[in-house]
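Here is a short tour of a protein model, written for someone who likes to check things against the structure. Have the sequence and the 3D view open as you read.

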Amino acid sequence: MREQPSNTGETGGTDRVRLSCVVNGEKVSALVEPHLTLLSFLRQELKLLGVKEGCGEGECGACTVIMNGNAVNSCLTLALEAEGARILTVEGLSNGGGLSALQEEFVKHDALQCGFCTPGMLMSARALLDRNPDPGTEEIKEAVAGNLCRCTGYYPILEAITAAAKREREGEQR
Ligand code: FES
Ligand code: FES
């Protein structure tokens with residue numbers, strides 16, 4: 001289990017609360033301030049810098065992670081809401097160090113340019129494909145509607161998710 005000690009203040013504050021959860025398959029336990037966001041917990045305490053901070057107020061989707069199977073804006077989620085939860089970030093998507101089919105299709109379809117939106121976009125897509133392996137275009141659009149991209153024009157992203165879904169349905173490991 002990954003124990004997060006000092007900079008969360010094992011001894012410092014009186015109001016820190018123990019948070020235990022599973023992040024990318026690894027058990028994590030830390031003392032956190034009640035107001036700490038899940039975004040800050042993941043980035044600052046666990047150093048999972050693939051989780052991006054964009055607007056910080058639920059508008060851009062850059063901070064999207066999967067919590068108990070649902071895509072959530074980690075900037076609007078308190079870390080303590082993750083007590084007992086299973087969290088997946090973009091760092092947990094890869095297959096034994098290689099890219100997943102979903103990630104590969106993003107690359108193939110030029111579905112990323114600056115890449116800032118990509119981790120959040122991938123997590124929204126992953127949550128969709130986990131609950132619906134054969135989504136239509138409208139369902140894909142709806143799933144990523146909360147993820148803003150300034151670079152791609154969105155069409156390559158829709159194509160990439162469609163292609164990844166097909167590969168996964170054909171039995172390729174995700
Ligand atoms: S940083 Fe969370 S939605 Fe923009
Ligand atoms: S690739 Fe730049 S914001 Fe989407």
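## A hairpin and its turn

Which residue takes a positive phi in the hairpin of β2 and β3? It is asparagine 24, with phi near 50°, in a hairpin that has 2 residues between the strands.

This is a predicted model, where local features need pLDDT of at least 70 and side-chain atom pairs count only at pLDDT 80 or more, while totals for chains, interfaces and linings use all residues. Residues are numbered from 1 along each chain as its sequence is written, and chains are lettered from A and ligands numbered from 1 in the order in which they are written.

## Strand partners of β2

Strand β2 (residues 17–23) runs antiparallel to strand β3 (residues 26–32), and 7 bridges link the two. Strands here are DSSP runs of E, at least two residues, numbered from the N terminus, and two of them pair if DSSP finds at least two bridges between them. Along this pairing, serine 20 sits opposite serine 29 in β3.

β2 also pairs in parallel with strand β6 (residues 86–88), through 2 bridges. There, valine 23 has isoleucine 87 of β6 as its bridge partner.

## Two domains in contact

The domain assignment, automatic or from a database, gives domain 1 (2–92) and domain 2 (101–169). Their C-alpha centres are 23 Å apart. Domain 1 brings 14 residues to the contact and domain 2 brings 13, where contact means C-beta atoms, placed from the backbone, within 7 Å.

On the domain 1 side, β4 (64–67) and β5 (70–73) each supply at least two residues, and β4 gives the most, with 3.

How values were computed: Two residues are in contact if their C-beta atoms, placed from the backbone, lie within 7 Å. Helices (H or I, at least four residues) and strands (E, at least two) are DSSP runs, numbered from the N terminus.
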